[in-house]
Amino acid sequence: MKFRMNFGTVKNIILWAVAVAAAAIFVLDIVMLCITSSASKFAVAVFAVSLVGSAFLWTQCLVILFNSRYVFTDERLTVVLGVFRDKVAYKDIIVLRQNSKTGDLFMFVNGATPKDGQISVHINLKGQSVDLFVEELRRHVSELAIEMFTVQKS
């Protein structure tokens, strides 16, 4: 089962704004390359580097927006953020903690080595997806504890 990450409205707007700006810079660089005389090799090099950079930035924004997810398999939970992939064995999951006010979910797992200790992972899901995620995780880790917490301001 797959769950698509939800980064929230502000982060999604920022990612989309960067993607649109990168696309605009890409188009502008193409136009500038077409009208720049071949006598100015420096200007051509600058526009070419900018073109490559904007294309890379545009693709990375879209990859993060459309390829960030949690994937449950029989052996492990795979967390994909853009092109980066982390695999968490079900046996390494210790506890889930959920903020009672915001509904934010945090998963605590054992590190790769005992020296690493426990690692906290924020689960980027909202609303009904959180409940479905917990339900699916419980199918794979039946003895999983879920703790509720409230952040108190001092």
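These questions and answers walk through a predicted model.

Residues are numbered from 1 along each chain as its sequence is written. In this predicted model, local features need pLDDT of at least 70 and side-chain atom pairs count only at pLDDT 80 or more, while totals for chains, interfaces and linings use all residues; side-chain values use heavy atoms, without hydrogens and water.

Trainee: Is Ser-54 buried or exposed?
Mentor: Ser-54 lies in helix H2, residues 41-66. Helices (H or I, at least four residues) and strands (E, at least two) are DSSP runs, numbered from the N terminus. Buried means under 20% relative accessible area, exposed over 50%, partly exposed in between (1.4 Å probe, protein chains only). Ser-54 has 6% relative accessibility, so Ser-54 counts as buried.

Trainee: Which residues is Ser-54 in contact with, leaving aside its neighbours within four places in sequence?
Mentor: Contact means heavy atoms within 4.5 Å. With those sequence neighbours left aside, the residues are Ala-22, Ile-25, Phe-26 and Asp-29.

Trainee: Which strands stand at the edges of the open sheet?
Mentor: The sheet has 4 strands in the order E7-E6-E5-E8, with mixed pairing. Two strands pair if DSSP finds at least two bridges between them. Each edge strand has a single partner, so one side is left without a neighbour in the sheet: these are E7 (118-123) and E8 (145-149).

Trainee: Which residue in E7 does Met-107 stand opposite?
Mentor: Strand E6 covers residues 105-110. E6 and E7 run antiparallel, joined by 6 bridges. In E7, the residue opposite Met-107 is Val-121.
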